[in-house]
Amino acid sequence: MSTLIEWNGDVLKRKKYSLFLTKYIESKSNGIVININGQWGSGKTFFLEKWFEDVKNNYPAVYFNAWENDFSSDPFVSLISCINSQIAQINSQITKSEVRKSFISKSGAIIRKISPAIVKGIVKKYIGEGCLKELSETTSEAEDTISEASSQLAEELLKNHEQTSNIINDFKKSLSTVVDELTKNELNKPLFIFIDE
């Protein structure tokens with residue numbers, strides 16, 4: 001754990017807050033999300049970068065800069081790519097392991113499943129592309145057809161949600177196994193993921 005030697009350039013003396021937050025996160029048995037909120041220019045990026053530099057000495061840690069990755073149409077893909085490349089830097093042995101292959105595989109499954117194109121495809125399948133205009137001009141004769149299509153759409157979306165939930169659980173287990181692998185030697189749990197957005 002980092003001691004209270006102030007960060008270079010930290011005129012607001014915020015390191016003590018990072019130490020408090022690290023201990024707080026460490027005390028939680030399940031994952032936790034902490035949001036650091038502040039106006040533009042208030043030092044959030046400085047704080048996260050310095051905190052990350054301290055934390056990575058004792059814990060597996062990943063730093064994701066959303067601003068540098070805003071070219072991607074899917075932020076989840078960018079985040080997974082960042083995690084994948086940085087865990088390899090933490091432990092080069094994990095690069096060749098089955099654990100990492102499983103993580104990549106589960107990541108691919110979740111990316112495919114939660115893609116907005118999936119939902120768009122389901123909606124298109126059941127109600128067609130030109131349906132919005134037609135729905136606004138619907139007569140009572142077509143209500144039974146619309147009702148049936150809506151029912152099928154709802155059923156498909158529920159099925160899709162259940163499958164997605166299972167895939168997300170598989171992904172979480174895979175990430176947990178990666179953390180187990182990363183913390184076999186000198187690093188401690190948990191995994192810290194810093195997202196600067």
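**Exercise 1. Which residues does Val-99 touch, not counting residues up to four places away in sequence?**

Solution. 
- Step 1. Some ground rules: this is a predicted model, where local features need pLDDT of at least 70, side-chain atom pairs count only at pLDDT 80 or more, and totals for chains, interfaces and linings use all residues. Residues are numbered from 1 along each chain as its sequence is written, and side-chain values use heavy atoms, with hydrogens and water left out.
- Step 2. Apply the contact rule: heavy atoms within 4.5 Å. Val-99 then touches Ile-94, Thr-177, Val-178 and Glu-181, once residues up to four places away in sequence are set aside.
- Step 3. Val-99 sits in helix H4, which covers residues 98-114. Helices (H or I, at least four residues) and strands (E, at least two) are DSSP runs, numbered from the N terminus.
- Step 4. Check its accessibility. Val-99 has a relative accessible area of 16%, so it is buried. The scale is this: buried means under 20% relative accessible area, exposed over 50%, partly exposed in between (1.4 Å probe, protein chains only).
- Step 5. Look along the chain. Leu-175 is 76 residues from Val-99 in sequence, yet their C-alpha atoms are separated by 8.8 Å.

**Exercise 2. Describe the make-up of the whole chain.**

Solution. 
- Step 1. Count the elements: the chain has 7 helices and 2 strands.
- Step 2. Read them in order. The pattern is α-α-β-α-α-α-α-α-β.
- Step 3. Turn to burial. Of the 197 residues in the chain, 31% are buried.
- Step 4. Take the contacts between residues at least 6 apart in sequence. Of these, 66% join residues at least 24 apart.

**Exercise 3. Find the salt bridges and say where their partners lie.**

Solution. 
- Step 1. Side chains of opposite charge can pair when their charged atoms come close.
- Step 2. Set the rule: a side-chain nitrogen of Lys or Arg within 4 Å of a carboxyl oxygen of Asp or Glu. The count comes to 4 salt bridges.
- Step 3. Take Lys-15 and Asp-54. Their closest N and O atoms are 3.3 Å apart. Lys-15 belongs to helix H1 (residues 15-26) and Asp-54 to helix H2 (residues 44-55), so this pair ties together parts 39 residues apart in sequence. Both Lys-15 and Asp-54 are buried.
- Step 4. Take Glu-53 and Lys-56. Their salt bridge spans 3.3 Å, N to O. Glu-53 is partly exposed at 39% relative accessible area, and Lys-56 is partly exposed at 37%.
- Step 5. Take Lys-189 and Asp-180. Here the closest N and O atoms are 2.5 Å apart. Lys-189 is partly exposed, with a relative accessible area of 48%. Asp-180 is partly exposed too, at 36%.

**Exercise 4. How far is Asp-196 from the nearest side chain of opposite charge?**

Solution. 
- Step 1. Locate the residue. Asp-196 is part of strand E2 (residues 192-196).
- Step 2. Lys and Arg count as positive, Asp and Glu as negative; His and the chain ends are not counted.
- Step 3. Find the partner. The nearest side chain of opposite charge is Lys-44, 6.9 Å away. Asp-196 is buried but has no salt bridge.
- Step 4. Look for polar contacts (a pair of N or O atoms within 3.5 Å; within protein, one must be able to donate a hydrogen and the other to accept it, and residues adjacent in sequence count only if both atoms are side-chain atoms). The side chain of Asp-196 makes one with the side chain of Thr-45, at 2.6 Å.
- Step 5. Beyond its neighbours within four places in sequence, Asp-196 is in contact with residues including Leu-48, Tyr-63 and Trp-67.
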